[in-house]
Amino acid sequence: MMAYIPEEKEQERLGGAQVDREWLVEYIVELPEENPIRMVTILRGAQMSDVQSRLYDTLRAVYASETRLDVTVVRMEPVDMRTDVALFEIGGTFQP
């Protein structure tokens with residue numbers, strides 16, 4: 001389990017250091033003679049190019065035995081860590 005401490009992330013951002021952030025990546029994997037598989041994952045990277053490299057590494061590890069792999073990235077965007085607490089709790093009780 002990973003803890004998120006907003007103050008630390010804000011300090012890193014203000015310090016000018018380029019830090020990794022989380023990116024939502026939605027993509028479709030097409031294998032020969034199989035139905036397309038739609039997937040969503042969270043990857044870390046400072047820039048989009050870092051995330052693309054991590055996605056490529058992940059796909060190579062998962063589909064190492066495949067000779068051909070077609071991947072279409074549907075969405076790749078940074079995750080915004082600011083959330084509205086009111087969407088998750090009603091009267092102090094978590095509501096899915």
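Visitor: Before we start: buried means under 20% relative accessible area, exposed over 50%, and partly exposed in between, using a 1.4 Å probe and protein chains only. What kind of model are we looking at?

Guide: It is a predicted model, where local features need pLDDT of at least 70 and side-chain atom pairs count only at pLDDT 80 or more, while totals for chains, interfaces and linings use all residues. Residues are numbered from 1 along each chain as its sequence is written, and side-chain values use heavy atoms, with hydrogens and water left out.

Visitor: How confident is the predictor overall, then?

Guide: The mean pLDDT of the protein is 79, and 65% of its residues reach 70 or more; pLDDT is the predictor's confidence in each residue, from 0 to 100. Over residues 1-5 the value is below 50, and beyond near neighbours in sequence this stretch has three contacts in the model. A contact means heavy atoms within 4.5 Å.

Visitor: Which strands make up the open sheet?

Guide: Three of them, in the order β2-β1-β3, with antiparallel pairing. The edges are taken by β2 (37-45) and β3 (70-78); each has a single partner strand, so one side of each has no neighbour in the sheet. On average, neighbouring strands here are turned by 25° against each other, direction ignored. Two strands pair if DSSP finds at least two bridges between them.

Visitor: How many bridges join β1 to β3?

Guide: Eight, and the two strands run antiparallel. V29, for instance, stands opposite V71 in β3.

Visitor: And what packs on that sheet?

Guide: Helix α2 (residues 48-62) does, touching β1, β2 and β3, and its direction makes about 125° with that of β2. Axes are lines fitted to C-alpha atoms, for helices over the stretch in contact, with angles from 0 to 180 degrees between N-to-C directions.

Visitor: Let's switch to charges. How many salt bridges turn up?

Guide: A search of the whole structure finds five, a salt bridge being a side-chain nitrogen of Lys or Arg within 4 Å of a carboxyl oxygen of Asp or Glu.

Visitor: I have E26 on screen. Where is it, and which residues does it touch?

Guide: E26 is found in strand β1 (residues 21-30). Leaving out residues up to four places away in sequence, E26 touches R38, M39, V40, T72, V73, V74 and R75.

Visitor: Is E26 buried or exposed?

Guide: Buried, because its relative accessible area is 12%.

Visitor: Which residue meets E26 in a salt bridge at 2.8 Å?

Guide: That is R38, with the distance taken from N to O. R38 lies in strand β2 and E26 in strand β1, so the pair ties together parts that are twelve residues apart in sequence. R38 itself is exposed, at a relative accessible area of 52%.

Visitor: And what about R75?

Guide: R75 also forms a salt bridge with E26, the closest N and O atoms being 3.1 Å apart. R75 is partly exposed, at 35% relative accessible area. Through shared partners, the salt bridges join E26, R38 and R75 into one network.

Visitor: What does R54 pair with?

Guide: R54 forms a salt bridge with D20, and their closest N and O atoms are 3.9 Å apart. R54 lies in helix α2 and D20 in the loop between α1 (6-14) and β1, so this pair ties together parts 34 residues apart in sequence. R54 is partly exposed, at 36% relative accessible area, and D20 counts as partly exposed at 32%.

Visitor: One more spot, E33. Where does it lie?

Guide: E33 lies in the loop between β1 and β2. Its phi is near 60°, a positive value in a residue other than glycine. E33 is exposed, with a relative accessible area of 84%.

Visitor: Zooming out, how much of the protein is buried?

Guide: Buried residues make up 18% of the 96 residues.

Terms used
Helices (H or I, at least four residues) and strands (E, at least two) are DSSP runs, numbered from the N terminus.
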